[in-house]
Amino acid sequence: MTFNHTISLVSSPTDDVAQVKADLDRVQPTGYTSLIDASYAALMVSEANPGRPLVLLFSDGLDTSSWLKEEAVLYTAQRCDAVVYAISMGLHPKITYLDDLTRSTGGSLYKVESNKDLGRVFLDILEGFHHRYLLTYSLGSTPKAGWHELQVRVKGRKFKVNARPGYFINPPGQAGIK
């Protein structure tokens, strides 16, 4: 999926790396940037596909033409299964949206200085995603609807824990985003 002032699904989900590369090589950077709208579209596409959804978002972090509000997309991200990793290239000091989006999904924001760093970052993301664990637990009582903060820690060890900051429970009778 690519984005500027429009959002386009340039390549359908595929294992054909050569096809994806060819499709991306045809993309020309033009127009304004709809980062917030594009991240919402990516979350929705990832939710429609089976498996462990992973969204890689390449952006400088600036948005100049989105219609959706940051808060609405972050609210949706908290309810999605997708994990978002963002790679930001450039020297833009204010990229809080990307930081908030990645943190709310259990992902990370990588800031890179040049194209030379992309290979290392991409491999780091895939390695980390490959070694993720899915933790589940049962509560003794039915929790109230709404947002519930959650902390995941590893006792007695020095591990990096990268987890969602909480979970959301829909009110009775209200469907989730799926």
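At 12% relative accessibility, Ser 108 counts as buried (buried means under 20% relative accessible area, exposed over 50% and partly exposed in between, with a 1.4 Å probe and protein chains only). The model is a predicted one, in which local features need pLDDT of at least 70 and side-chain atom pairs count only at pLDDT 80 or more, while totals for chains, interfaces and linings use all residues. Residues are numbered from 1 along each chain as its sequence is written, and side-chain values use heavy atoms, with hydrogens and water left out.

Ser 108 sits in the loop between α4 and β5; helices (H or I, at least four residues) and strands (E, at least two) are DSSP runs numbered from the N terminus. Not counting residues up to four places away in sequence, Ser 108 touches Val 84, Tyr 85, Ala 86, Thr 102, Lys 160 and Asn 162, where contact means heavy atoms within 4.5 Å.

Helix α4 itself spans residues 96-105, and its buried residues are Tyr 97, Leu 98, Leu 101, Thr 102, Ser 104 and Thr 105. These lie on the same side of α4, because they cover an arc of only 165° around the axis, taken from the directions from the helix axis to the C-beta atoms. A reminder of helix geometry may be handy here: with 3.6 residues a turn, residues three or four places apart in an α-helix point the same way. The packing partners of the buried α4 residues are α2 (35-48), β3 (54-58), α3 (70-79), β4 (83-89) and β5 (109-112). After α4 comes Gly 106, with a positive phi near 85°.

The largest nonpolar core has 18 residues, of which Leu 43, Leu 57, Tyr 97, Leu 98 and Leu 101 touch the most other members. Such a core is a set of buried Ala, Val, Leu, Ile, Met, Phe, Trp, Tyr and Cys residues joined through side-chain atoms within 4.5 Å. At least two residues of this core come from each of α2, β3, α3, β4 and α4, and α2 gives the largest share, four residues. Another core, of eight residues, lies apart from it and includes Val 83, Tyr 110, Val 112 and Ile 125. As for Leu 98, its contacts beyond four places in sequence are Leu 35, Leu 57, Ser 59, Gly 61, Ala 86, Ser 88 and Leu 109.

Turning to open space, the second largest pocket has a volume of about 1,600 Å³. On a 1 Å grid over the protein atoms alone, a pocket is an open set of points where a 1.4 Å probe fits, with protein on both sides within 12 Å along at least five of seven lines, and lining residues have an atom within 4 Å of a point. Grid points are joined across faces, edges and corners, and the volume is the space filled by probe spheres set on them. The lining of this pocket has 39 residues, and the closest to its centre are Arg 132, Tyr 133, Leu 134, Asn 162 and Ala 163. Two or more lining residues come from each of α3, β4, α5 (118-130) and β7 (166-169), with the largest share, four residues, from α5.

Elsewhere, Ser 34 lies in the loop between α1 (17-25) and α2 and counts as buried at 2% relative accessibility. Beyond four places in sequence, Ser 34 is in contact with Phe 3, Asn 4, His 5, Asp 63, Ser 65 and Ser 66.
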